[in-house]
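Please keep the structure in view while reading.

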Amino acid sequence: MRGLLATALRGLRSRGLLTAGALVLTIIAVASAVLGPIYQTGATRSFLVEKLRSEPPILTALTFDYTPDASLSVDAAVVDADAQATEAAGTGFAAPHSFVFSQPGLAPNVGPNGGEPRLVSVPGACQHVQLTGRCPTNLNEIAILAADSQQLGVKIGGSFHPWADSRTVKVVATYRPRAADAGFWLLDTRLQSSPAVPATPINPGHPYRPGPWLTPQSTFEKTLVPWTVVADLTLETPPDLETTQLAAVARHTAALINDQAAALPLPDSALLEPGNALPRIAADVLARQNVARDTVTPAVVSLVLVALVLLSRLLAAAMELRRGELALASLRGWSRRRLWVLGLVEPLLIVGVSTPVGLVLGYLAARVLARSWLVPGLPVPLALGSLAGAALVVVATGVVAVLVVRDALSETLSAQIGGVRRPSKAGRLGLVLQLLMVAAAVVVTFAAATRGHTGAPDATDLLLPILLAVAAGIASGAAALVVADLWVRFTRQRRGLASYVGARTVRRRREGTLVIFPLTAAMAIAVFAAGVSGAAAAWRGSTAATEVGAAASYSTTLSMGQAVRLTHDLDPQGRWLMAIAEDSLPQVDQARLIADTPRLARVADWPTSWTPGLGPGALAQRLELTGPSIELRGSRLGMTVDNRVRGDFAQLGVEVDYLDDQGNTTSAPVGPFRPGRSTQVNRLPHCRQGCTLLRLVFGGPDALVESMNGSAAISSLTLDGHRVADALDRGWRAIDSPIGTPSAVRGAPTVAGGTLSLDFRADTSNSYGAVTTDDAPARVPVLWGRGARQTPRLANG
Amino acid sequence: MLFRRLRAHGSDSLMTLALVVVVTTVGVGVVGAGRVTHTSAAVAFVVVLAGLTALADQVGAEMRAHRRDLALGRLRGQTRAGVTSFAAAPLLMLTFVAAVVGAVLGVGFASRLAHRWDASYSVKLPEIAVALAVLVCCWVTVFAVALGLSRQPLGEALAVRQRRHGASLLVRFTELLIIVAAVVAVYEARQDNGWLAIAAPGLVGLGVGQVLVWLLQSVPPFGRRLGGFLTTRRFGRDALAVGVVRLIVAAGVVAVTTASAMSASHHWRDQAARVSVGGPLSFPVEAGALRAYAAAHDADPGGRWLLPIAAYDEQRPDHRRVFVDSARWQRVVGDFQSSTSLGDAGAAFRQLKGEPTVTLLRGSRLEVDATGVSGRIGLTVRLVDDANIPREIRIRLDHSGTTGVDLRGCRVGCAAVDITAAGPGHAAVTAVRVGSTSLVRGNHMLDPANHQNRIALHGLPREPGFATPGLGKVASIDGVDGQAKGFHQIGEIGAAPLLGAQGLVLDLGRTLLDARSGSIPVTIARVVARADTPAAVLDRLRADGAGTPTSYDAAVTRLSGTREAHGVEFAALQALALVVLALLHALAWARARVPDRRRETASLRIVGVSSRAARTSYAVESSVLAGSAIVAIVAVGLLLDRVLLAPLRLVSGAPEMPPVDLSTQPVLVLSTALVVGVLGGLVLAFVLTRPSAASRPAALRSDDR
């Protein structure tokens, strides 16, 4: 046995290059089999943690509002609230972080028309804002949001009575929120000021809400302000977060949100604030994690496969060189068993040496990769899959070695001694296997190409790159044989000897062409990997653009009209700012984005992959409304109307709806107009800087809808005595009633010679008569998302 | 040359011609009609694939029959190219003519289909491309076969009996391709609806047929009787001997899945039509839910023929709601819905009916009876009139007794929404009447100064109702006026009438009682009528504002005109084309074997076996082939029917429609398989057993055909 080992070592040394190659390849195969599963597990885990950490904390955190018994002190209430919140939230959340907030209540002396101030006390508040002045530490001292100081009309050092009674607060500082402290305050709107929103029939509106006033705890204890404790529990995302843990936390949270489980210890005094989207986020992240893992699989498998194929080539080459050796041994009368052992010792030695090295290298590489690319602190355990992969590689190498040795031993002695191999036909099984691979590649490609939709990748998608690579390898091997065959025939009588002999060798040694196979496969897989990586990069860009929309995005509590007004004031040219709004439509249960589209191309970040073939410029053009709207700038609106309407009322009332200076929808009455031609001038509030005309509504004295028949003509529209430009020489159209009642305006309004003429016919009082300019078309252009359910009608407003 | 050839080998050529014509017609027709009606033309793919495999078999057999002519040409010194073109030219001509004829037929066929489905049709590039592709594929097949023959060794080509060969690389590859395609198609069919999934039945049929071919080939010769032994021996020896079953199995599998698909989609259409119509006749009512209710009660006070329904087809499942006049359901709808998932809803609806329901006010004068009036009280009755418009009727009460005002727009039936009082004074109202109908019962003290300013008209805070399964807990629901109110589920129901599989069902009368205004614009208001409703009642209903009725038949017609229904028709077409192809192929296959069989019978007669025994052996062979095909078809039908049907998009259903029932129907599977298998077996047996009469041993001497 020792002699055998010595022979084997000598043999290995004599074919140093082949041995080294085989060693390296085995090490690569084992190492990548070890590395693959470890890295895959690590990467998916890291994906989970990173994804959760990248979500805004408000979406993953739980916030409880705790209303204590009147008898409890602030400290006791905070302790009680923390205990209750911790108990209700269960595992998976960090320790609660509690704020003491005053309960909202109207304070008449806050701002010009009264407001709803809130006091907040939390340890460390002054350290987590940018403070100007000193930190409020004494009773009834407060720090206010810098943006509010003008609206409130107080400066640092001033004091005032916010409430109707004599309670006084003293402003000792102003503060500005800092982006770095978002984690402390959890919700960035907590430190925001919100202007008053007037009540409308749809929206109850709210008074002015200044940013919270930071104050010491004693203010709550000594001043009679009703207060509640708000406890935030952020989601803990340790690097070793398991998917099962996350799923359990998400389930518990879902139960809390739905308030289904009576078993949950959610006491009556603690109320969960809405806003947590953890169940949806968790489901989303877990699904994407599976997709990510599945997509990595081909790369892991292919590296091992390529290494194995190359290894088998090298082992076969080594065996070919050893055939003389085997022939000698069999001449010396060695038994078949000993011949097998002699043949197998060398490959087994290679496997034996390289397996531990490969294991160690693979594990180390996995650690290095995990440390440099993945979430810091991620545990890198040796996965069971890695060991199984390594074992599989070792077994596969062993099988290859056995096959190679069997081939060599099954040759006749004369062939072994002869040293020259005769060309042999490919085996039937090999042929069928190759054909099967090609057939599978053809079918799977066809399936992928003709698939109806692009959903989550299934098994065929994952197999496709491998199959294509293998088929390409087989095809190029076959092509090499065919070319060699043709070349042999061509050079048989004509050219020099060298090319003839070379081509003949290729043709006769079929297995030689197998080298092409792994090379082609490797290249195909590399191209695939590069493609996937490129697509992933594009996807990341696109997703980032989806989340932010442009280089930077600011959230605001302004209404859409106000936001548009603000951006147009700050940036009249439309070069840097664009207002967008998002809402959800309950009837169709989907989200909707409304943008100031003329600015889309210049301001927004719009990857072309979102609308292939339609760049942001072209898209903005299509979404843009057709013309400029009518601008009203002044304070007194005059209108001349020729009233020929007969109805329940003799007079005709007109109401002008417009977006005022602040961007709010406002309406002002004009008239009423008596029968015949008359001019009326009325006040137009809040239009110093320029309002946008929305529509004209017609009806009785107060433009209330009633039955009316006949026609009316508006022959002039003036503001402070000046004619309104571009108003009565453009297209107008009737508007459908917002509640689906019939339109009182018959036919299309006509404009001729600076006069807008309308025909009315309304028999009942449930009609609606209104016209608008043609800049807003009756059918507003809409861009549907790919997965959106398209409906012909959407609510406006 | 073509005509010469047709004269010489008329029947063989005709069959090839017919084969290519069928393939091109179906390919062009389906692609053309599919293009204009936006239906997937994937089914054409299988027909073309099957046609090409049949063509390869058939062309091969035909050319082999003339191999000695080719060999003679080669002996005379023709080049290989010459031999190949000599062999291929007539078939190329033939397939060209066939493709042209098929394309013309296909275009005609497509325009007929398009016309039937109300689409305008004109020839476009895809049809030409398909015809060209079929032609090119045919030519490639013919060339490949001809090239193979021209490469045959000369000695073999001249030999009387051909040596057996293993299958060529191309054939092996095709076989493997079909198997792999079948496997992948089944996988895809489980989760996708791409081309491969739609073509899955055909591919699986071809694949299973191929497996069956391999199985039959690997059966060792057995049997003590000569017939069985000869048959099994022949299977093993001749690679082409069993190839005919491949196409029969494919045709059978496609026929089985298509039959199941047609049955399932027909059943679904019946269900969907019944649910969406609601009853035998369904009248739309423009003026909203109250008008429908009032019209039905006006035209049919006894509740014997008319049933008002109001439905809200919202997108969110728990917002979809139907209000039916539940007391009338059993009598009016009866067992019209008993075959649908609504089933016996009448029994369930019995739990819904009951007081209080809305009081309909019909007349032209509103009167108020009041006692103890002191001071002055202004009574405001708000109501919804015939046109679904809210109205306010103001009545000034300044004396005890009856006070009346004119009432407009309440011919069919108004409903009161609210009665409020204002003013300095008090009164006791005992009745608010229109005609003999009173809105209030008992005494109602009105004293606006002391907050007694309202007469309550409304019902329960939570409406009882039924929900379809899977909606979860629904706590509130919008009424006909769009205002949310409480919902209390008292049971489950299989479907919501008019809306389909998802929704809530409540009582219309109660909901109208609770409405604070008229029904919102999206209301779908209908009056459902029995089929035997008297004309007078219907006339009254029309006069009360009902529109043109739709019926069950109209709904079925509408559902049959959808893209999915066209898809099922395409599938039927595909099945028919495949069966025709399979039979044609079986005929051609059997005919190509006739000379051999004749010789075999002659040889057997020399050794004393009767021609009857030989004939029996052929009959056994045919029945074994047909029987194995039937077994394979039934097995696939029973095991894979559901999987193969799933991606076919049998129905046009929005997700709210009832689900289509895809369960396997063994009787249908078995009978379809039997029909296809027996037809194929009969064709084979008919051709193979016939020539025995002419197989004299003397024929062997002349070695002629």
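## Packing in the predicted model

Residues are numbered from 1 along each chain as its sequence is written, chains are lettered from A and ligands numbered from 1 in the order in which they are written, and side-chain values use heavy atoms, with hydrogens and water left out.

Chain B contains 22 helices and 19 strands, taken as DSSP runs (helices H or I, at least four residues; strands E, at least two) numbered from the N terminus. Of its 705 residues, 53% count as buried, that is, under 20% relative accessible area, with exposed over 50% and partly exposed in between (1.4 Å probe, protein chains only).

Two helix pairs are set out below; axes are lines fitted to C-alpha atoms, for helices over the stretch in contact (heavy atoms within 4.5 Å), and angles run from 0 to 180 degrees between N-to-C directions.

| Helix pair | Angle | Axis separation |
|---|---|---|
| H2 (residues 16-54) and H11 (residues 336-373) of chain A | about 45° | 7 Å |
| H3 (residues 42-65) and H19 of chain B | about 5° | 10 Å |

H3(B) is therefore roughly parallel to H19(B), whereas H2(A) and H11(A) are oblique to each other; angles under 35 degrees count as roughly parallel, over 145 as roughly antiparallel, 65 to 115 as roughly perpendicular and the rest as oblique. The residues of the contact of H3(B) with H19(B) divide into 13 nonpolar, four polar and one charged.

B:Val412 sits in the loop between strand S8 (401-406) and strand S9 (414-422) of chain B, and B:Val412 is buried because its relative accessible area is 0%. Leaving aside neighbours within four places in sequence, B:Val412 is in contact with residues including B:Arg291, B:Asp298, B:Arg362 and B:Asp544. B:Val412 and B:Ala543 are 131 residues apart in sequence, yet 9.5 Å apart in space, C-alpha to C-alpha.

How values were computed:
Predicted model: local features only at pLDDT ≥ 70, side-chain atom pairs only at ≥ 80, totals over all residues. Nonpolar A, V, L, I, M, F, W, Y, C, P; charged D, E, K, R; others polar.
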